[in-house]
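Please consult the sequence and the structure shown below while reading.

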Amino acid sequence: MRISTFFYTIKQGLLNIWKNKMFSLASIATMTACIFLFGLFYAIVTNFQAMVKDVEAGVAVTVFFDKDITEQRIEEIGELIGERVEVAKYEFVSAEEAWEEYKEIYFEGNEEAAASFAGDNPLANSASYSIYMNDVSMQSTLVTYLESIDGVREVKQSEMVANTLTDFNSLIGYISVGIILILLGVAVFLISNTITVGISVRREEIGIMKLIGATDYFVRAPFVVEGIVIGLIGAAIPLGILYVLYQRIVEYIGDKFSFIGSMVKFLSVDEVFHTLVPVALILGVGIGFIGSRITIRKHLKV
């Protein structure tokens, strides 16, 4: 493409937006609303997912060993556990550490009862590995493997918690896909209408251009530029609004509802927008491009 042709295409695309101001503004407003809702939903979902991940990080599978197992075999089992892709980290808890933790929980305020066990550890055979997973949905696979290891007496798991977290993650995923598809459909429809109006207004001009030898690309390109620019503007505006709103809402909740802040940790604005900005801009440009291409193929017989 020659430079003059490139700049002509850009100029005509921008002129199309200006000539059809009302429809262009309607498309930009709709795109802004769609991307705003998408961004808002994304911020909520990512925070929920981060909270679920925090809960998952505390869900452990506990491995207990056979009686009279050797220290060497315990270390070998630890190495086998560490090689599994499901495992994020694992910790060895000795029988003494297990007893100390038990005393703190169940004998708090009743030290005399705990002292009666001096020299006699009721949890002498309770040495274990506490295993934390990368993804709680992998728990059943990991448990099946652990139960097959020689020297493992018992494997305790939080099956109900794991299933609940897995189902919750799946639900969030399905809802996200559904809402995104609806928003994309609405945005493409509005941009398509705007491009259709532009084609109708310039149909005679386009016919003359074809008669004097203009290529299909030369005729179509300005409408593609129009769709992309509308999509880009419609994505940039809500990103700016969301950036300011998200920061203020998180600060407001932290100041006014300190008890929520102590229980729930919100992602920082940088963590959310590090992914949201490129995704929203790509969505805006992509929707504009797809909407214009669909309309051109349907209405522009060149």
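In which sense, parallel or antiparallel, do strand E1 and strand E3 (residues 128–133) pair, and over how many bridges? The two strands pair in the antiparallel sense, and 5 bridges join them. The model under discussion is a predicted one.

## The sheet

E1 and E3 belong to an open sheet of 4 strands, whose order is E2-E3-E1-E4 and whose pairing is antiparallel. Strand E2 (87–93) and E4 stand at the edges, and each has a single partner strand, so one side of each is left without a neighbour in the sheet. On average, neighbouring strands of this sheet are turned by 20 degrees against each other, with direction ignored.

On the side of E3, a particular pair can be located in the structure: alanine 60 has tyrosine 132 of E3 as its bridge partner.

E1 is also joined to strand E4 (residues 152–156). These two strands run antiparallel, and 4 bridges connect them. Two pairs of residues illustrate this contact. Threonine 62 has lysine 156 of E4 as its bridge partner, while phenylalanine 65 stands opposite valine 152 of E4.

## Burial of strand E1

How many residues of strand E1 (residues 60–65) are buried? The count is 6 of 6, and the strand is thus described as mostly covered. Here, a residue is termed buried when its relative accessible area is under 20%.

In a regular strand, the side chains alternate between the two faces of the sheet. For E1, Ala60, Thr62 and Phe64 lie on one side, and Val61, Val63 and Phe65 lie on the other. The residues of both groups are all buried, and both faces of the strand are therefore covered.

## The second largest pocket

The second largest pocket holds about 280 Å³ of space. The elements that give two or more residues to its lining are helix H2 (21–57) and helix H9 (216–256). H2 supplies the largest share, with 7 residues.

Which residues lie nearest the centre of this pocket? They are Ala43, Ile44, Asn47, Tyr246 and Ile249, out of a lining of 15 residues.

Definitions and conventions: Residues are numbered from 1 along each chain as its sequence is written. This is a predicted model: local features need pLDDT of at least 70, side-chain atom pairs count only at pLDDT 80 or more; totals for chains, interfaces and linings use all residues. Side-chain values use heavy atoms; hydrogens and water are left out. Buried means under 20% relative accessible area, exposed over 50%, partly exposed in between (1.4 Å probe, protein chains only). Two strands pair if DSSP finds at least two bridges between them. On a 1 Å grid over the protein atoms alone, a cavity is a set of points where a 1.4 Å probe fits but cannot get out, and a pocket is an open set with protein on both sides within 12 Å along at least five of seven lines; lining residues have an atom within 4 Å of a point. Grid points are joined across faces, edges and corners, and a volume is the space filled by probe spheres set on the points. Axes are lines fitted to C-alpha atoms, for helices over the stretch in contact, and angles run from 0 to 180 degrees between N-to-C directions.
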